[in-house]
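Here are a few notes for when you have the structure open. Could you go through them with the viewer at hand?

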Amino acid sequence: MEKNNIKLMQGNEACVEGALAAGMNFFAGYPITPSTEIAEISSQRLPRFGGKFIQMEDEIASMAATIGGALTGAKAMTATSGPGFSLKQENIGYAAMAEIPCVIVNVQRGGPSTGLPTSPAQGDVMQAKWGTHGDHPIIALTPSSVKETFDTTVKAFNLAEKYRVPVVLLMDEVIAHMREKIEIPKKEDVEIMDRIKPDEDDVTYQAYEVKKGDIVPPMASFGEGFRYHVTGLVHDETGFPSNDTEVADKLIHRLVDKIDKNVDDISFYEEYKTNDIDTLIISYGSTARSAKTAVDMANNEGMNVGLFRPITIWPTLEKQIIDLAKKVDKIIVAEMNLGQYALEVERLASKYTQVHHLGKIDGDLITPNEILSKIKEV
Amino acid sequence: MIKQNEIRLSGSGGQGLILAGIILAEAALLDGKNAVQSQSYGPEARGGASKAEVIISENDINYPKVQKCDILLSLTEKACNKYLETLKTGGVLILDSSVDTPKRDDIKVFKLPIINTATEKLGKVMVSNIVALGALNGITDIVSAESLKKAVLSRVPRGTEDLNEKAFNEGLTLGKS
């Protein structure tokens with residue numbers, strides 16, 4: 001088994017393996033079920049090669065430390081679940097504003113509040129986008145298998161570096177704790193992206209100036225000679241605060257546009273049997289596994305059903321959803337919440353087709369039979 | 001041939017059933033198959049009825065949870081009572097001899113001295129899970145015995161390999177008899 005690198009692994013383990021493959025060398029966290037293994041394994045692995053693991057006093061501090069680590073040039077990650085994700089929001093906003101590349105893993109469990117600590121949910125979809133205040137850029141990715149958790153964690157780091165943005169890896173308890181087959185790719189087969197940095201002798205360096213042809217400003221690492229100001233306040237190209245309306249308008253547009261105008265580069269999804277169908281299921285994370293089984297069951301019974309599975313949850317895959325909506329009679333959004341991603345689908349698709357919702361919040365994964373029943377009902 | 005086998009290992013928290021589930025899934029991977037292992041997290045993990053679930057398939061495994069199982073192992077009465085109804089008609093029930101035989105005539109029941117073998121023959125109750133794995137495979141041949149032994153030896157704590165190998169062989173003999 002070891003020889004060909006095929007392993008039986010938990011989603012949380014695969015997340016750490018993916019992070020390490022992507023170059024993670026700093027982890028700050030405050031362990032919480034069902035994400036605890038991510039902190040635990042990071043604490044074992046990072047010190048072995050000089051990486052840093054730090055357990056902070058709480059989630060607010062963990063997020064702050066993650067930002068601090070990233071500013072020194074590290075590839076930094078933190079991991080949490082619902083209650084901790086709520087606490088991290090203020091500093092996630094800071095990371096969005098100050099353009100700090102970092103990865104925040106949120107292994108979703110039942111909520112609100114401390115909710116159902118050991119049970120799966122997908123109730124943090126809207127929070128991943130709007131948990132912190134103000135218009136801001138964010139990327140959120142949601143894997144559906146152990147193998148995909150590895151791959152998506154690598155993508156999360158790469159996108160964080162490329163767009164200088166906090167990236168949320170939105171997992172759920174099922175994927176986090178189940179064990180399944182994964183083939184760990186060879187090091188040379190993992191594509192890694194690094195943030196752009198200023199030339200060492202660039203005397204004109206301004207920390208928040210985007211050079212022509214670049215998407216984001218080059219990022220100097222603290223401790224390497226450049227001195228600059230980092231703030232959550234609206235700032236100009238020097239990094240110092242400004243109250244100027246023009247500066248504010250330009251900055252916020254630039255921050256939001258760097259994601260919105262590059263959606264195609266950030267779009268990851270799977271279409272399963274979506275040719276010549278009348279009913280489309282849209283589902284993600286662990287629920288999409290049930291949906292896939294339900295699609296097979298429905299097609300075996302002579303129905304024409306397919307699945308669209310977004311891996312990129314934010315930004316919304318508008319183009320793909322609209323294209324599919326035009327081709328089908330109805331869409332069923334299946335998710336472990338009372339209708340969050342369904343709102344996005346309704347916004348985009350209700351002009352072209354019926355949008356139905358199948359939600360569940362009792363702490364159990366939606367079953368294939370529940371989805372099949374919904375297909376028959378609508 | 002059945003393409004997908006769903007197995008539920010049940011007993012009480014602390015009997016090592018989750019480890020047994022992991023080992024069984026790893027053995028399936030060694031055989032070149034797909035496997036998914038999951039467990040219940042929560043209060044029942046300590047005392048009470050606890051379970052580990054494994055799905056083994058030649059194909060991709062989508063829905064990762066076990067609903068109705070093909071094979072049910074129960075090391076305690078409580079676990080047997082709780083999960084018996086999840087065993088499919090025609091399924092295989094493997095019980096420790098301390099458990100009363102339940103009233104179901106649509107299944108195959110194997111009652112074996114699993115815990116007794118671990119405590120009396122091997123002198124360690126903690127290898128009950130490995131005896132159980134051997135017995136389960138002796139009866140069902142769900143994975144190759146060679147892969148299962150390899151998976152057992154790679155997962156058990158260093159220094160306990162001999163004991164666990166004995167436990168595995170005893171279990172296999174129980175299952176085949």
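Predicted model: local features only at pLDDT ≥ 70, side-chain atom pairs only at ≥ 80, totals over all residues.

1. Chain A is assigned two domains, domain 1 (1–266) and domain 2 (270–377). Their centres, taken over C-alpha atoms, sit 28 Å apart.

2. On the interface between those domains, 30 residues of domain 1 of chain A touch 26 residues of domain 2 of chain A. About 2,200 Å² is buried between the two, with carbon and sulfur atoms giving 58% of that area. On the domain 1 side, A:Gln122, A:Met126 and A:Thr142 lose the most area to domain 2, together 28% of what that side buries.

3. H5(A) gives the most, with 4 residues.

4. A:Arg309 and A:Glu148 are worth a click, as their side chains form a salt bridge at 2.7 Å, N to O. A:Arg309 is in strand S12 and A:Glu148 in helix H6 of chain A, 161 residues apart. A:Arg309 is buried at 8% relative accessible area, and A:Glu148 also counts as buried, at 14%.

5. Another salt bridge pairs A:Asp194 with A:Lys75, the closest N and O atoms being 2.8 Å apart. Each residue lies in a loop, A:Asp194 between S9 and H8 and A:Lys75 between H3 and S4 of chain A, so the pair ties together parts 119 residues apart in sequence. Buried or exposed? A:Asp194 is exposed at 55% relative accessibility, whereas A:Lys75 is buried at 7%.

6. Compare A:Arg254 and A:Glu99, whose side chains meet in a salt bridge at 2.6 Å, N to O. A:Arg254 is in helix H8 and A:Glu99 in the loop between H4 and S5 of chain A, so this pair ties together parts 155 residues apart in sequence. Here A:Arg254 and A:Glu99 are both buried.

7. Over in chain B, look down helix H5 (residues 145–155): its buried residues are B:Ser147, B:Leu148, B:Ala151 and B:Val152. They fall within an arc of 135°, so they line one face of the helix.

Terms used. Residues numbered from 1 in each chain as written. Chains lettered and ligands numbered in written order. Heavy atoms only, no water. Buried < 20%, exposed > 50% of the residue type's maximum accessible area, 1.4 Å probe, protein only. Helix = DSSP H or I, 4+ residues; strand = E, 2+ residues; numbered from the N terminus. Arc of directions from axis to C-beta. Domains from an automatic or database assignment. Contact = heavy atoms within 4.5 Å. Buried area = accessible area lost by both parts, 1.4 Å probe. Salt bridge = Lys/Arg side-chain N within 4 Å of Asp/Glu carboxyl O.
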